[in-house]
Amino acid sequence: MAYPTVPCPLHVFEPRYRLMIRRSIQTGTKQFGMCVSDTQNSFADYGCMLQIRNVHFLPDGRSVVDTVGGKRFRVLKRGMKDGYCTADIEYLEDVKVENEGEIKNLRELHDLVYSQACSWFQNLRDRFRSQILQHFGSMPEREENLQATPNGPAWCWWLLAVLPVDPRYQLSVLSMKSLKERLTKIQHILTYFSRDQSK
């Protein structure tokens with residue numbers, strides 16, 4: 001599962017995906033969409049664009065691709081090109097909250113869940129914490145303007161990437177266009193895992 005702002009290192013070895021990576025570099029977009037697999041439709045209805053930051057080509061044709069998550073999207077129409085999946089998509093953006101009272105409530109919920117996330121992470125065993133830091137880097141800082149970007153605060157996505165949650169659950173959060181709903185869902189996950197930590 002790929003998320004906005006979260007690094008997603010890939011090892012590309014299948015010829016069809018090697019071709020896709022080459023094309024995305026040659027066209028200058030340096031990006032492609034990533035969806036988790038789905039038994040019915042080949043891939044899920046929601047995904048995330050990946051921005052290629054660097055590619056290291058190995059002598060045997062394989063490559064190690066350093067990417068980072070960009071915009072979220074919903075699949076409108078599926079297709080196929082030279083063996084790899086394609087899609088027509090529409091980008092997702094969080095619906096902004098305008099009302100002063102709602103903004104205040106959103107800020108309070110955000111700060112509560114952020115503190116809960118920090119506490120959960122600090123209470124992890126050292127081995128798990130260092131593995132997460134090595135693979136994903138540090139948890140992003142709290143942002144002042146919660147609605148500054150179309151995807152909301154970066155720390156939410158970082159947290160979703162590191163939490164051991166079922167991909168279907170992750171997908172439901174990726175598809176949400178309400179920061180309040182996303183924070184509430186994350187709060188439920190953290191409450192569940194924090195119960196286990198305290199045992």
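Reply: Arg-168 counts as exposed in this predicted model, because its relative accessibility is 67% and the limit for that class is over 50%. Its side chain meets that of Asp-166 in a salt bridge, with 2.9 Å from N to O. Asp-166 has a relative accessibility of 36%, so it counts as partly exposed. This pair is one of the salt bridges in the model, for which the count comes to 13.

Another of them joins Asp-82 to Arg-23, where the closest N and O atoms are 2.5 Å apart. Asp-82 belongs to the loop between β6 and β7 (84-91), while Arg-23 belongs to helix α1 (residues 15-26), so the bridge ties together parts that are 59 residues apart in sequence. Both partners are partly exposed: the relative accessible area is 48% for Asp-82 and 25% for Arg-23.

A further bridge is found between the side chains of Asp-111 and Arg-142, at 3.3 Å from N to O. Here too distant parts of the chain are linked, since Asp-111 is in helix α2 and Arg-142 is in the loop between α3 and α4, 31 residues apart. Asp-111 is partly exposed at 24% relative accessible area, and Arg-142 is also partly exposed, at 40%.

Arg-72 presents another setting. This residue is found in strand β6 (residues 63-81) and is buried, with a relative accessible area of 0%. Arg-72 is linked with Asp-94 and Arg-182 in a network of salt bridges.

The protein chain is divided into domain 1 (6-91) and domain 2 (100-197), and 25 Å separate their centres, taken over C-alpha atoms. Ten residues from domain 1 and twelve residues from domain 2 take part in the contact. Between them the domains bury about 900 Å², of which 67% is on carbon and sulfur atoms. In domain 1, the residues that lose the most area to domain 2 are Val-6, Tyr-46 and Arg-72, which together account for 65% of what that side buries.

Which kinds of polar link cross this interface? Zero salt bridges are found across it, whereas four residue pairs are in polar contact between the two domains. On the side of domain 1 that touches domain 2, two or more residues come from each of β1 (7-12), β5 (46-57) and β6. Strand β6 gives the most to that side, with three residues.

The nonpolar side chains complete the picture. In soluble globular proteins, nonpolar side chains tend to be buried together. In this model the largest nonpolar core has 35 residues, and those with the most contacts inside it include Trp-120, Trp-155 and Leu-159. At least two of its residues are supplied by each of several helices, among them α2 (100-122), α4 (154-162) and α6 (179-197). The largest share, eight residues, comes from α4.

Terms used
Residues numbered from 1 in each chain as written. Predicted model: local features only at pLDDT ≥ 70, side-chain atom pairs only at ≥ 80, totals over all residues. Heavy atoms only, no water. Core = buried A, V, L, I, M, F, W, Y, C linked by side-chain atoms within 4.5 Å. Buried < 20%, exposed > 50% of the residue type's maximum accessible area, 1.4 Å probe, protein only. Helix = DSSP H or I, 4+ residues; strand = E, 2+ residues; numbered from the N terminus. Salt bridge = Lys/Arg side-chain N within 4 Å of Asp/Glu carboxyl O. Domains from an automatic or database assignment. Contact = heavy atoms within 4.5 Å. Buried area = accessible area lost by both parts, 1.4 Å probe. Polar contact = N/O pair within 3.5 Å; in protein donor to acceptor, adjacent residues only side chain to side chain.
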